[in-house]
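Colleague: I am new to this structure and would like a close look at a single part. Could you take me through the charged side chains and how they pair?

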Amino acid sequence: ALAPAQLITNDATNVYQLSDGSFELYTVALVSIGRDDPRYAANDNIPGLVRVIDRFTSTDGLTWGNRRRVIEPDANDPSDLQFYYLSVTHTEHGRIGLLGHYRLDAQTIDIEPCFSTDGITWQRPYRKPWISRDAPGITAASYLLHAPHAMVQRHGLWHLFYTGGNFAH
């Protein structure tokens with residue numbers, strides 16, 4: 001049996017300390033759906049569950065609360081889209097998110113850019129991969145792209161180091 005919903009996550013979790021000393025955490029949460037839902041996929045490794053992104057906060061980094069759903073597929077997304085991770089880079093202009101754009105039917109994960117000023121309300125203006133994957137089977141970046149914890153700023157430029165996989169999810 002599944003644990004209580006408030007304890008369930010699936011996969012990637014990122015924790016960030018904020019400028020006031022408090023913390024925010026982004027993690028994959030699971031939403032139950034019925035077999036009649038267009039998002040239901042019997043071929044998934046967790047059929048009947050959809051991956052979305054939740055945010056928690058903490059004053060000390062040990063006790064977490066204030067769980068909020070911050071990103072989930074909506075009517076503007078294909079029915080097989082789920083979200084596998086949210087990596088966040090804090091800048092002086094707000095947060096840049098690197099969203100794990102998981103297409104269940106194709107079994108691919110891409111990096112979708114998103115943006116927020118408060119970490120709660122996220123804008124997804126592009127709704128497509130930021131980095132192109134290679135053709136299947138060609139290189140290590142042909143099926144799965146995983147973003148790091150955050151981008152790296154050096155000499156006034158932002159650098160994105162990522163991991164690629166040459167196998168379907």
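Modeller: Happy to. The mean positions of the 14 positive and 18 negative charges of the chain are 1 Å apart. Keep in mind that this is a predicted model. Side chains of opposite charge can pair when their charged atoms come close. In this structure there are 12 salt bridges.

Let us begin with Asp54 and Arg69, whose closest N and O atoms are 2.5 Å apart in a salt bridge. This pair links distant parts of the chain: Asp54 sits in strand E3 (residues 49-58) and Arg69 in strand E4 (residues 65-71), 15 residues apart. Asp54 counts as buried because its relative accessibility is 1%, and a residue is called buried under 20%. Arg69, in contrast, is partly exposed, with a relative accessible area of 37%.

Next, look at Arg124 and Asp77, which meet in a salt bridge at 2.9 Å, N to O. Here too distant parts of the chain are linked, 47 residues apart: Arg124 lies in the loop between strand E7 (108-116) and strand E8 (144-146), and Asp77 in the loop between E4 and strand E5 (81-91). Both Arg124 and Asp77 are buried. They also belong to a network of salt bridges that links Asp74, Asp77, Glu112, Arg124 and Arg127.

Arg39 is partly exposed, its relative accessible area being 27%.

As for the setting of these pairs, the chain has 0 helices and 11 strands, and 43% of its 169 residues count as buried.

How values were computed: Residues numbered from 1 in each chain as written. Predicted model: local features only at pLDDT ≥ 70, side-chain atom pairs only at ≥ 80, totals over all residues. Heavy atoms only, no water. Helix = DSSP H or I, 4+ residues; strand = E, 2+ residues; numbered from the N terminus. Buried < 20%, exposed > 50% of the residue type's maximum accessible area, 1.4 Å probe, protein only. Lys, Arg positive; Asp, Glu negative; His and termini not counted. Charge placed at Lys NZ, Arg CZ, Asp CG, Glu CD. Salt bridge = Lys/Arg side-chain N within 4 Å of Asp/Glu carboxyl O.
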